[in-house]
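Please examine the structure shown below.

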Amino acid sequence: MKKRYNVVVVGRTGVGKSSFINYIYGQDVMKTGTGKPVTEKDAFECIEININDLPVRIFDSWGLEADKHEEWKKSLEKEFEKRDVTSDISDWFHTVFYCISAGSGRVQDFEIETMNEFIKKRYKVNVIFTKADQSSEAEIKELSEVIDEEVKGEVEKIPVCNEEKKLMNGNKVEQFGKEKIIKMIDKGFWDSIKMRLPKRVEQKIFDEVDAWCLEQKEYIEESVNLFNAKKMKKFMKKKMEEFKDETLVELINKEIKDILKVYNIFVENISFEGDKSFGEGKSFVAVYNKAITLEVIKAIITVAPFHPILFKGLFNRLKGKKNILKAIDGFNKKMKKEIQLGVIPKISDVLEEIKKEDR
Ligand SMILES: Nc1nc2c(ncn2[C@@H]2O[C@H](COP(=O)(O)OP(=O)(O)OP(=O)(O)O)[C@@H](O)[C@H]2O)c(=O)[nH]1
Ligand SMILES: [Mg+2]
């Protein structure tokens with residue numbers, strides 16, 4: 001399947017998700033309507049469209065109904081899980097468009113909670129105020145303020161009118177908002193790398209840490225009869241050094257490069273309206289190669305989790321095998337925490353640097 005930038009449209013039933021997709025697509029491809037929920041549960045139908053030559057896929061979703069919060073959340077979670085950071089990049093939901101009806105003038109606590117959960121899972125979230133034609137500027141401003149206050153993250157908000165309407169008095173309401181949406185889609189895919197790549201690297205490192213710890217535990221189990229605390233300590237230290245200097249450096253380098261390569265496929269096609277920060281004909285990978293040497297990656301991961309003190313603290317108190325096994329679990333936890341706090345934010349910084357390189 002062709003690699004595409006995937007956007008998923010979510011929100012309450014009847015807010016105009018399917019209408020929004022039709023508006024962006026320029027044709028009525030999704031079923032819409034009033035009265036009762038329209039888009040079916042678990043369907044996640046999509047349209048494919050090129051936006052300024054960027055190949056995009058936009059997914060429709062089942063709308064949240066009153067009293068069905070838990071069911072709705074589960075249905076979304078099921079699909080989002082299939083498309084999380086560990087899956088192939090072209091299967092990810094890169095960005096979430098959360099639709100709120102500006103006409104209703106309300107945003108529910110549950111919706112705020114859901115948006116915050118998406119952000120916590122490192123999705124780029126944008127808010128679309130649908131039915132903005134039925135709302136005043138002041139109402140939209142008020143809604144925006146609620147979101148700014150309660151949603152923890154940088155959220156773009158765009159008012160749209162999905163449908164042209166003839167009013168009783170003969171006046172016509174035109175559609176609006178599409179241009180801004182297109183700009184947002186254009187820009188969004190880089191934002192989504194910045195948000196999601198560190199999470200993917202984190203996931204991969206965690207898997208690596210788990211595998212490493214398991215391996216050490218197996219080794220300790222097997223060498224129970226030869227157990228010698230001093231030797232064991234020395235041996236483990238050496239292994240940790242290797243783990244740090246080779247495995248992790250390689251892993252981070254590979255992940256960043258692989259993902260930038262995928263995005264490169266997009267970039268080759270894109271004119272980059274409104275965002276020329278990469279310069280003409282420049283590729284992410286080329287810029288990356290210039291900016292990110294192995295030394296930089298090593299510097300990124302030279303952080304506390306591998307600090308000898310951490311290691312010492314864990315192993316000094318150890319006598320028997322059982323305690324050593326326990327200590328490895330403790331080490332696993334500490335290391336992950338340090339990676340989360342020390343390594344992952346630095347990867348975000350590096351991505352920011354890559355983008356700034358040629359400004
Ligand atoms: N005035 C106005 N009406 C809109 C707009 N967008 C959608 N509608 C109307 O709102 C109703 C619901 O739209 P849908 O697109 O079916 O809503 P949905 O969010 O997909 O609903 P579910 O599939 O049930 O989750 C339809 O009757 C649309 O005509 C808009 O921007 N302005
Ligand atoms: Mg629908």
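Val127 has Lys157 in β6 as its bridge partner. The model is a predicted one, in which local features require pLDDT of at least 70 and side-chain atom pairs count only at pLDDT 80 or more, while totals for chains, interfaces and linings use all residues. Residues are numbered from 1 along each chain as its sequence is written, and chains are lettered from A and ligands numbered from 1 in the order in which they are written.

Strand β5 (residues 124-130) and strand β6 (residues 156-159) pair in the parallel sense over four bridges; pairing requires at least two DSSP bridges between two strands. Helices (H or I, at least four residues) and strands (E, at least two) are DSSP runs, numbered from the N terminus. Together with helix α4 (residues 137-150), β5 and β6 form a right-handed β-α-β unit: with the strands pointing away from the viewer, the path from the first strand over the helix to the second runs clockwise.

β5 also runs parallel to strand β4 (residues 95-101), to which seven bridges join it. Ser101 stands opposite Thr130 of β5. The chain passes from β4 through helix α3 (residues 109-120) to β5 in a right-handed β-α-β crossover.

Because seven of its seven residues are buried, β5 is largely enclosed by the rest of the structure; buried denotes 20 or more other C-beta atoms within 10 Å of a residue's own, with C-beta atoms placed from the backbone. Lys124, Asn126, Ile128 and Thr130 point one way, and Val125, Val127 and Phe129 the other.

Around ligand 1 there are 22 residues, of which Gly16, Ser19, Thr32, Thr39 and Gly63 come nearest; the criterion is a backbone-placed C-beta atom within 6 Å.

Definitions and conventions: Buried ≥ 20, exposed ≤ 12 C-beta atoms within 10 Å, placed from the backbone.
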